Structure formats: C-alpha cells, structure tokens
Amino acid sequence: MAQQGNFKSPSRMGGLGDSASPSSAGSVSGGKPRDQGIKEADFERRSFLGKIVGGVGAAVAISTLYPVVRYLIPPPLKEVASVNELNVGKATEVPENTGKIYQFNKDKVIVINDNGKLTACSAVCTHLGCSVSWDNAQNLIFCPCHGAKYQQTGEIISGPQPLPLAPYKVRVEGENLIISKA
C-alpha cells in the first residue's frame with residue numbers, strides 16, 4: 001500500500017502522542033526547521049565560494065601587478081667609491097698593438113699599448129656615448145656608431161664628436177697596470 005502525504009505530517013505527528021511534538025515536524029538535527037537549515041547552509045556555501053573566488057582573483061592580480069611595478073620603479077643605484085688611482089689588472093693583459101677597456105670609478109677607460117707605449121683615455125665617444133675601440137691598422141681610436149676618429153691620446157681627428165676623449169694617466173708598477181685621473 002502506497003503511503004500518501006508526508007510521513008511527518010502534522011496530522012500524523014499528532015497521532016503519535018506526546019512522544020513527538022508538532023513543532024518537530026520536518027526538523028533537522030540542531031532543532032532548526034528543515035527549510036531554514038537548508039537556506040543557511042546555502043548562504044554559508046555561497047559566502048565560502050565567494051571568499052575563495054575573491055582570494056584567487058586577488059592572488060592573480062598581485063602576481064600580475066608585482067612584476068609590472070618592479071619594472072616601472074628603478075632599483076636603487078649602487079654607490080661606487082670614487083678613487084684617484086686604481087689597479088685594474090696585469091700589464092700583460094694588454095699585448096702590444098692592442099687596446100683593452102677597463103672600468104675606472106663610473107667611467108670606462110681604454111688602455112692602448114702601442115709598441116710598448118701605454119696611453120689611456122675615456123672609452124666613451126663624446127658624440128652619442130658609444131664605446132670606442134682601438135684600430136691597430138689605422139693606429140687610431142675608432143667609434144663604430146658614426147665613424148668618429150681619435151688620436152691615441154683622445155684628440156679629435158674627424159667625425160661628428162664635439163669634444164676629445166677625456167685623458168687618463170696609466171703606468172706599470174711591477175706587473176700591475178694602474179690607471180689614475182689626469
């Protein structure tokens with residue numbers, strides 16, 4: 001025989017006597033009516049899922065914005081101790097008829113060994129700031145950017161540069177190559 005109606009209908013609950021009160025009809029554990037318990041559980045689930053989605057969105061936004069901000073804000077400049085004289089290496093590092101660029105304070109300096117005669121001047125072209133190099137075939141300092149040419153001492157031969165290369169002093173002490181301000 002098929003049962004009709006709700007198993008816990010109030011009319012049936014009343015027929016059970018004092019053991020079950022009509023107020024407990026359709027209740028869930030905890031004493032809350034079934035409909036109210038489901039609504040609260042649904043609200044808690046939505047709130048939880050909203051917090052999860054918000055947290056994931058915040059993590060994606062931070063992971064996207066952090067590299068952009070690090071790119072836009074330059075790193076702090078390192079302070080380079082300024083010295084008047086610096087041992088840059090061994091004299092054998094600059095063989096005859098060649099030139100080599102060394103770092104001196106914040107500047108780059110080219111040291112040229114022309115048949116045993118050492119000279120030094122700035123390795124940065126005064127036209128646009130390109131690095132210069134020694135051309136042994138022509139016996140001059142050459143800037144590849146716009147064809148500027150300098151003498152071994154940094155004086156202008158030809159080209160668009162407005163000023164000569166800044167001179168530096170160079171000497172050998174023992175095996176060490178020492179550059180100093182002119």
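Buried means under 20% relative accessible area, and a salt bridge is a side-chain nitrogen of Lys or Arg within 4 Å of a carboxyl oxygen of Asp or Glu. These two terms are needed for the residue with which this report begins. The structure discussed here is a predicted model.

Asp-114 belongs to strand β3, which covers residues 107-114. Asp-114 is buried yet takes part in no salt bridge. Its nearest side chain of opposite charge is that of Lys-117, at a distance of 6.5 Å. A salt bridge requires the nitrogen and the carboxyl oxygen to be within 4 Å.

## Salt bridges

Side chains of opposite charge can pair when their charged atoms come close. How many salt bridges does the rule count in this model? The count comes to 4. The table presents pairs from among them.

| Pair | N to O distance |
|---|---|
| Arg-171 and Glu-85 | 2.9 Å |
| Glu-175 and Lys-90 | 4.0 Å |
| Glu-93 and Lys-100 | 3.5 Å |

The salt bridge of Arg-171 with Glu-85 has an N to O distance of 2.9 Å. This pair links distant parts of the chain, since Arg-171 is in strand β9 (residues 167-173) and Glu-85 is in strand β1 (residues 85-90), 86 residues apart. Arg-171 is partly exposed, at a relative accessible area of 31%. Glu-85 is likewise partly exposed, with a value of 41%. Arg-171 and Glu-85 also belong to a network of salt bridges in which Glu-173 is linked with them.

The side chains of Glu-175 and Lys-90 form a salt bridge at 4.0 Å, N to O. Glu-175 is found in the loop between β9 and β10 (176-181), while Lys-90 is in strand β1, so this pair ties together parts that are 85 residues apart in sequence. Is Glu-175 buried or exposed? Glu-175 counts as exposed, because its relative accessibility is 58% and the cut-off for exposed is over 50%. Lys-90, at 36% relative accessibility, counts as partly exposed.

In the salt bridge of Glu-93 with Lys-100, the closest N and O atoms are 3.5 Å apart. Both partners are described by the term partly exposed: Glu-93 has a relative accessible area of 35%, and Lys-100 has a relative accessibility of 31%.

## The cysteines

A disulfide is a covalent bond between the sulfur atoms of two cysteines. A search of the whole structure finds 1 disulfide. Which cysteines does the disulfide join? It joins Cys-130 to Cys-145, with an S to S distance of 1.9 Å. The pair links distant parts of the chain: Cys-130 is in the loop between β4 (117-122) and β5 (133-135), and Cys-145 is in the loop between β6 (140-142) and β7 (149-150), 15 residues apart. The torsion about the S-S bond is about -110 degrees, so the disulfide of Cys-130 and Cys-145 is left-handed. Cys-130 counts as buried at 17% relative accessibility, whereas Cys-145 counts as partly exposed at 38%.

Other cysteines may now be considered. Cys-125 is buried, with a relative accessible area of 4%. Cys-121 is buried as well, with a relative accessible area of 0%.

Leu-163 lies in the loop between β8 (156-158) and β9 and counts as exposed, at 52% relative accessibility. Apart from residues up to four places away in sequence, Leu-163 touches Thr-126, Tyr-150 and Ile-156.

A nonpolar patch on the surface is formed by Leu-65, Val-68, Val-69, Tyr-71, Leu-72 and Ile-73. Together these residues have about 670 Å² of accessible area. One of them, Val-68, lies in helix α2 (residues 34-72). Val-68 counts as partly exposed, at 41% relative accessibility.

Definitions and conventions. Residues numbered from 1 in each chain as written. Predicted model: local features only at pLDDT ≥ 70, side-chain atom pairs only at ≥ 80, totals over all residues. Heavy atoms only, no water. Helix = DSSP H or I, 4+ residues; strand = E, 2+ residues; numbered from the N terminus. Buried < 20%, exposed > 50% of the residue type's maximum accessible area, 1.4 Å probe, protein only. Patch = residues over 30% accessible without salt bridge, like charges linked within 9 Å, V, L, I, M, F, W, Y side chains within 5 Å. Areas by Shrake-Rupley, 256 points an atom, 1.4 Å probe, with all protein chains shown as cover. Contact = heavy atoms within 4.5 Å. Disulfide = S-S within 2.5 Å. Lys, Arg positive; Asp, Glu negative; His and termini not counted.
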